[in-house]
Amino acid sequence: MSIVENLGAVLGRIRVVLKESVKCDGAGEPQLIVVSKVRTAEEIREVLATGHVLFGENRVQEAASKWPGLREDYPDIELHLIGPLQSNKVAEAVGLFDVIETVDRPKIAGLIAREMKAQGKVVKLFVQVNIGNEPQKAGIAPDELAEFLTQCREEYGLSISGLMCIPPVGVDPVPYFEKMKALAKANEIEELSMGMSSDYEVALKYGADYVRVGTAIFGERA
Ligand SMILES: *Cc1c(COP(=O)(O)O)cnc(C)c1O
């Protein structure tokens with residue numbers, strides 16, 4: 001199937017899930033983030049041509065090489081950073097992205113606050129939660145989230161709109177999605193970014209506001 005056919009299939013499956021499970025948390029309709037890491041500008045243009053404007057990239061450098069050109073033709077693009085952010089890339093990331101989903105430590109929060117002020121730009125921010133407490137994974141530990149959110153607000157003057165997670169691979173994601181939902185509720189956070197190609201339908205049933213799908217649209221990454 002072509003990229004456009006795959007996109008249509010994913011959007012169709014999302015519609016089916018939404019019809020079956022009444023989302024009653026008062027938030028708007030869940031959104032599909034098309035994850036375009038590793039993909040060329042030409043492949044991305046196939047998606048843009050359908051009218052879809054919401055994308056995710058996981059590397060600042062790669063995004064810098066593709067998106068300024070695409071934005072010239074499609075000014076409505078909304079670009080999310082979904083990969084780890086290093087301190088020496090914060091200025092560039094604030095310039096490039098509309099949403100940074102991977103705020104995961106005080107140093108980065110402080111630098112983002114400083115850069116937004118310097119650039120006169122407000123970027124929407126999500127905190128990445130290491131929901132499986134996996135040592136190799138980025139993100140704030142669930143039991144440190146409340147304190148980190150307070151720090152973001154009080155020390156850096158940042159408003160955090162959402163929580164993002166990448167659950168452990170190879171196990172049932174449901175307990176993790178449920179835990180994310182509970183964390184969002186306990187901390188009065190509105191939006192949840194969770195669910196990828198293998199589990200986006202499940203994530204939607206458990207309250208995802210954004211699902212991030214790459215492989216199911218573009219095929220396997222080399
Ligand atoms: C690559 C990536 C995705 C998309 O994964 P697929 O399995 O290709 O759908 C989602 N979220 C993050 C953070 C990623 O790095």
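The legends below describe close-up views of a predicted model.

**View 1**
Strand E2 covers residues 54-57. Its pairing with strand E1 (residues 31-35) is parallel and runs over 2 bridges. In that pairing, Val 34 stands opposite Phe 55. E2 also pairs with strand E3 (residues 78-81), again in the parallel sense, over 4 bridges. Here Leu 54 is the residue opposite Glu 78.

**View 1. Two β-α-β units share strand E2.**
One unit is made of E1, helix H2 (residues 41-48) and E2, and it is right-handed. The chain then leaves E2, passes through helix H3 (residues 60-73) and reaches E3. This second β-α-β crossover is right-handed as well.

**View 2. Side chains of E2 point two ways.**
In a regular strand, side chains alternate between the two faces of the sheet. In E2, Leu 54 and Gly 56 point one way. Phe 55 and Glu 57 point the other way. All four of these residues are buried.

**View 3. Phe 55 meets Trp 67.**
A search of the whole structure finds 2 aromatic pairs. In the pair of Phe 55 and Trp 67, the ring centres are 4.9 Å apart and the planes lie at 50°, so the pair is tilted. Phe 55 belongs to strand E2 and Trp 67 to helix H3, so the contact ties together parts that are 12 residues apart in sequence. Both Phe 55 and Trp 67 are buried.

**View 4. Phe 126 pairs with Tyr 210.**
This aromatic pair is tilted too, with 5.8 Å from centre to centre and 55° between the planes. It links distant parts of the chain. Phe 126 sits in strand E5, Tyr 210 in strand E8 (residues 210-213), and 84 residues separate them. Phe 126 and Tyr 210 are both buried.

**View 5. Glu 57, Glu 62 and Lys 66 form a salt-bridge network.**
The model holds 9 salt bridges. Glu 57, Glu 62 and Lys 66 are linked in a network of them. The side chains of Glu 57 and Lys 66 meet at 2.9 Å, N to O. Lys 66 also bridges to Glu 62, where the closest N and O atoms are 2.8 Å apart. Lys 66 and Glu 62 both lie in helix H3. They are 4 residues apart, about one turn of the helix. Glu 57 comes from strand E2. Its relative accessible area is 0%, so Glu 57 is buried. Lys 66 has 9% relative accessibility and therefore counts as buried.

**View 6. Lys 124 and Glu 191 bridge strands E5 and E7.**
Lys 124 forms a salt bridge with Glu 191, and their closest N and O atoms are 2.9 Å apart. This pair links distant parts of the chain. Lys 124 is in strand E5 (residues 124-129) and Glu 191 in strand E7 (residues 191-193), 67 residues apart. Are the two partners buried or partly exposed? Lys 124, at 29% relative accessibility, counts as partly exposed. Glu 191 is at 19%. The cut-off for buried is under 20%, so Glu 191 counts as buried.

Asn 130 is found in the loop between E5 and helix H6 (145-154). Its relative accessibility is 8%, so Asn 130 counts as buried despite its place in a loop. Which residues does Asn 130 contact, leaving aside neighbours within four places in sequence? They are Lys 137, Ala 138, Gly 139, Ile 140 and Pro 142.

**View 7. Ala 203 is buried in helix H8.**
Ala 203 lies in helix H8 (residues 200-205). With 0% relative accessibility, Ala 203 counts as buried. Not counting residues up to four places away in sequence, Ala 203 touches Phe 177, Met 194, Gly 195, Ala 208 and Val 211. Val 103 is 100 residues from Ala 203 in sequence. In space, the two are 21 Å apart, C-alpha to C-alpha.

Notes
Residues are numbered from 1 along each chain as its sequence is written. This is a predicted model: local features need pLDDT of at least 70, side-chain atom pairs count only at pLDDT 80 or more; totals for chains, interfaces and linings use all residues. Side-chain values use heavy atoms; hydrogens and water are left out. Buried means under 20% relative accessible area, exposed over 50%, partly exposed in between (1.4 Å probe, protein chains only). Two strands pair if DSSP finds at least two bridges between them. A crossover is right-handed if, with the strands pointing away from the viewer, the path from the first strand over the helix to the second runs clockwise. Contact means heavy atoms within 4.5 Å. A salt bridge is a side-chain nitrogen of Lys or Arg within 4 Å of a carboxyl oxygen of Asp or Glu. Rings of Phe, Tyr and Trp (its six-membered ring) pair if their centres lie within 6.5 Å; planes under 30 degrees apart count as stacked, over 60 as edge-to-face and the rest as tilted.
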